[in-house]
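Hi,

Here is the structure I promised to pass on.

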Amino acid sequence: MFERFTRGARSTVKGAVAQAERAGAGSVTEEHLLLALLEQEGGRAAFAVTALGLHDRRASLDAAFAEARRRGGLTRADTDALAGIGIDLGAIVSRVEGAHGEGALDADRRSRRWSGHRPFTPGAKTVLENALRVALGRGDRFIGEEHLLLALTAKPGVVADVLAEHGATYTAVQRALYGPEAGRGGAGQGHAQAG
């Protein structure tokens, strides 16, 4: 699959590894892939990121990811579902952090590896696989950083939620990448979301 990656997509993957290393993370996550995409210059994905205003809201994105890590990686939907059955996740996080320190529920904080190799999490691998599905659905013979960006919005979880909170849904990204007609049942949307 990696032979189909464009130079920009390969740079994004390498950038995700560098993001994980800078954060001292034991593995490369979807968040690291997104942060690496935000650092890319030129190309379709960089254009879409800029058009959607994500560069201007980088601090807000970082804060949203930090809050999700504090919640142990649970999405807002997970938090709301727990609240619906009477479980106050905020109170639980506060008690755990009171006993074990701030960020105690951060899964990556608990499992840091200091070796030179950082594996990709199952979620990050799924994003890479879904990028292939997006590319095939569009009829592209390559996997570019734009396909990675679309795959990040299509995979349910914290990254897709944070992007959606910042106006970068699958449809919005697709329109920024391919124009206004792209959001109307465009190729690849169903394929990417199914994986």
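Let's start with two helices that pack against each other: α4 (residues 58-70) and α10 (residues 158-165) meet at an angle of about 140°, and their axes are 10 Å apart. What you're looking at is a predicted model, where local features need pLDDT of at least 70 and side-chain atom pairs count only at pLDDT 80 or more, while totals for chains, interfaces and linings use all residues. Residues are numbered from 1 along each chain as its sequence is written, and side-chain values use heavy atoms, with hydrogens and water left out.

A few terms for that pair. Helices (H or I, at least four residues) and strands (E, at least two) are DSSP runs, numbered from the N terminus. Axes are lines fitted to C-alpha atoms, for helices over the stretch in contact, and angles run from 0 to 180 degrees between N-to-C directions.

On the α4 side, L61, A64, F65 and A68 make the contact, and on the α10 side V158, V159 and V162 do. Those residues split into seven nonpolar, no polar and no charged (Ala, Val, Leu, Ile, Met, Phe, Trp, Tyr, Cys and Pro count as nonpolar, Asp, Glu, Lys and Arg as charged, and the others, Gly among them, as polar). Contact here means heavy atoms within 4.5 Å.

Now zoom in on F65, which belongs to helix α4. Is F65 buried or exposed? F65 is buried, because its relative accessible area is 1% (buried is under 20%, exposed over 50%, partly exposed in between, with a 1.4 Å probe and protein chains only). Leaving aside neighbours within four places in sequence, F65 touches E31, L34, V158, V159 and V162. With V159, F65 has a C-alpha to C-alpha distance of 7.8 Å, though the two are 94 residues apart in sequence.

Two glutamines are worth a click too. Q19 sits in helix α1 (residues 7-23) and counts as buried because its relative accessible area is 8%. Beyond four places in sequence, Q19 is in contact with H32, L35, A36 and E39. Q40 is in the loop between α2 (30-39) and α3 (43-51), and with a relative accessible area of 14% Q40 is buried as well. Not counting residues up to four places away, Q40 touches G8, S11, T12 and A46.

Next, go to helix α8 (residues 122-138), where you'll find R133. R133 is partly exposed, at 34% relative accessible area, and its C-alpha is 8.6 Å from that of H147, 14 residues apart in sequence. In the loop between α8 and α9 (145-154) comes D140, which is buried at 19%. D140 is in contact with A135 and H147, again leaving aside neighbours within four places. D140 and R4 are 136 residues apart in sequence, with 9.9 Å between their C-alpha atoms.

One more side-chain find: R138 lies over the face of Y178, 3.4 Å from the ring centre (this needs NZ of Lys or CZ of Arg within 6 Å of the centre and within 35 degrees of the ring normal).

Finally, the overall picture. How many helices does the chain have? There are 12 helices and zero strands. Of the 195 residues, 48% are buried. Among contacts between residues at least 6 apart in sequence, 63% join residues at least 24 apart.

Cheers
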